[in-house]
Amino acid sequence: AVKKGFYRFTPNSEQVYLCSTNDCQGGNSTGGRQCREGSTGPLCSVCLPKHFLRDSTNQCEKCSVANAWLGPLIMVIVLVVTVVVLRAKKNAILKAVETHQQRIQ
């Protein structure tokens, strides 16, 4: 059996290779059958469609749309806060100008 983290191409091969990702499960199988779910290819180095290689785990993981709304939501919140602050400042400046114009006249 091949240890976790290693890969062998054929059942008769005595040569094993160190995987570049953490997707090689090892065991008695060969080829892509040794790969974790979501990965395939030589040395389990290719993520399947709708999967990505997460840097922190060095594993192919399924793409999730659960957090896809988070970035746009943050941008909308920042934009709304900016508009509110600018309007508040504008009103404060206009009041100050109005007050000073009355003093000048």
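**Notebook: cysteine pairs and a surface patch**

I numbered the bonded cysteines of the protein in sequence order and found the pairing to be 1-2, 3-4, 5-6. I keep in mind that this is a predicted model. My search of the whole structure gave three disulfides, and I remind myself that a disulfide is a covalent bond between the sulfur atoms of two cysteines.

I looked up C19 and C24, which are joined by a disulfide with an S to S distance of 1.8 Å, and I noted that both cysteines are buried. The torsion about their S-S bond is about -95°, so I recorded this disulfide as left-handed.

I then turned to C35 and C44, where the disulfide has an S to S distance of 2.1 Å and, because the torsion is about -90°, is left-handed. C35 is buried at a relative accessible area of 8%, and C44 is buried at 0%.

For C47 and C60 I found the sulfur atoms 2.0 Å apart in a disulfide. C47 lies in strand 4 (residues 46–47) and C60 in strand 6 (residues 59–62), so the pair ties together parts that are 13 residues apart in sequence. C47 is partly exposed at 22% relative accessible area, whereas C60 is buried at 2%.

Lastly, I looked up a nonpolar surface patch formed by W69, L70, L73, I74, I77, V78, V81 and V85, with about 690 Å² of accessible area together. One of these, V81, sits in helix 1 (residues 70–104) and is partly exposed, at 46% relative accessibility.

Methods: Residues are numbered from 1 along each chain as its sequence is written. This is a predicted model: local features need pLDDT of at least 70, side-chain atom pairs count only at pLDDT 80 or more; totals for chains, interfaces and linings use all residues. Side-chain values use heavy atoms; hydrogens and water are left out. Patches are made of residues with over 30% relative accessible area and no salt bridge: like charges are joined within 9 Å, nonpolar side chains (Val, Leu, Ile, Met, Phe, Trp, Tyr) within 5 Å. Accessible areas come from the Shrake-Rupley method with a 1.4 Å probe; for residues, only the protein chains shown count as cover. A salt bridge is a side-chain nitrogen of Lys or Arg within 4 Å of a carboxyl oxygen of Asp or Glu. Helices (H or I, at least four residues) and strands (E, at least two) are DSSP runs, numbered from the N terminus. Buried means under 20% relative accessible area, exposed over 50%, partly exposed in between (1.4 Å probe, protein chains only). A disulfide is a pair of cysteine sulfur atoms within 2.5 Å.
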